[in-house]
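Look at the structure below with the sequence beside it.

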Amino acid sequence: MVVVSVPAEVTVILLDIEGTTTPIAFVKDILFPYIKENVKEYLQTHWEEEECQQDVSLLRKQAEEDAHLDGAVPIPVASGGDVQQMIQAVVDNVSWQMSHDRKTTALKQLQGHMWKAAFTAGRMKAEFFADVVPAVRRWRDAGMKVYIYSSGSVEAQKLLFGHSTEGDILELIDGHFDTKIGHKVESESYRKIADSIGCSTNNILFLTDVTVEASAAEEADVHVAVVVRPGNAGLTDDEKTYYNLISSFSELYLPSTQSKV
């Protein structure tokens, strides 16, 4: 087994989610298909609720901004017309956005509310690789702080950690960051995260499966290790040579405690 030593100055471990703590297959094959398969039923059930109407309003505004795009689906303004027709327009718009891998605030907001309803009702549980939770517990026992940095919203992150196959493990996480602090491929984001935590960038070890994120973190003087998991994108020979690679969190070693973490 490969062992990567954690530098002595590291006091914070910063974790990506998709492809690092959680299988990409869970996100691509379960989380996102759930939206497409259930959005019509969700809208029909929650249509009269204020939160749902706010989601639809935001989607309509986005649709107006997208009107110039090829294939964009408009959402008509409510005017006492056919509710089912309106719902179908929203369903078609969501399907169009997702088929183009859009990351609009309007889409993410509706997705977040749908996932919240699903997780809360027990219709879905987040999956984590088997080595993740035991390792995080050991890191915390060794005095480390553990934070999450994901492009998914903080609300969505908390849903995953609060409703997992391992139970509610939110207590194991010291804090969450999303792209509101900056994009993951920008080095400034990692400086802002260090400032928010109250440490230096070289006190952080960032674990991610995406090398462009690892590179941005390194530019900010953050320590990095690239996580190789089943289903992740392949690495070039140069990337394999350059980065510290781990295939399990159990391959991290804390010299300061003389114990494998």
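Predicted model: local features only at pLDDT ≥ 70, side-chain atom pairs only at ≥ 80, totals over all residues.

Helix H6 itself covers residues 154–162. Its buried residues are Ala156, Gln157, Leu159, Leu160, Phe161 and Gly162.

## The sheet

The model has an open sheet of 6 strands with parallel pairing. Read across the sheet, the strand order is S4-S3-S2-S5-S6-S7. S4 and S7 (245–246) each have a single partner strand, so one side of each is left without a neighbour in the sheet.

Strand S2 (residues 12–15) runs parallel to S3, and 4 bridges join the two. In one of these pairings, leucine 15 has isoleucine 148 in S3 as its bridge partner. Elsewhere, helix H8 (residues 211–219) lies across strands S5 (204–208) and S6 (223–227). The angle between H8 and S6 is about 170°.

## The largest pocket

The largest pocket has a volume of about 1200 Å³. Its lining is made up of 40 residues, and those nearest its centre are Glu18, Phe32, Lys103, Ser151 and Gly152. By type, the lining divides into 16 nonpolar, 12 polar and 12 charged residues.

Helices H1, H4 and H6 each supply at least two residues of this lining. The largest share comes from H4, with 9 residues.

## The second largest pocket

About 160 Å³ of space lies in the second largest pocket. Its lining consists of Lys108, Ser151, Gly152, Ser153, Val154, Glu155, Asp178, Thr179 and Lys180. These divide into 1 nonpolar, 4 polar and 4 charged residues. Ser151 and Gly152 also belong to the lining of the largest pocket.

## The cavity

How many cavities of 30 Å³ or more are there? The count is 1. The largest cavity has a volume of about 50 Å³.

The residues that line the largest cavity are Leu15, Thr21, Val132, Val133, Val136, Phe161, Ile169, Leu172 and Ile173. Helix H5 (residues 132–141) gives the largest share of this lining, 3 residues. The lining has 8 nonpolar residues, 1 polar residue and no charged ones.

Methods: Residues numbered from 1 in each chain as written. Heavy atoms only, no water. Buried < 20%, exposed > 50% of the residue type's maximum accessible area, 1.4 Å probe, protein only. 1 Å grid on protein atoms, 1.4 Å probe; cavity = no way out; pocket = protein on both sides within 12 Å on 5 of 7 lines; lining within 4 Å. Points joined across faces, edges and corners; volume = space filled by probe spheres on them. Nonpolar A, V, L, I, M, F, W, Y, C, P; charged D, E, K, R; others polar. Pairing = 2+ DSSP bridges. Contact = heavy atoms within 4.5 Å. Axes fitted to C-alpha atoms, helices over the stretch in contact; angles between N-to-C directions.
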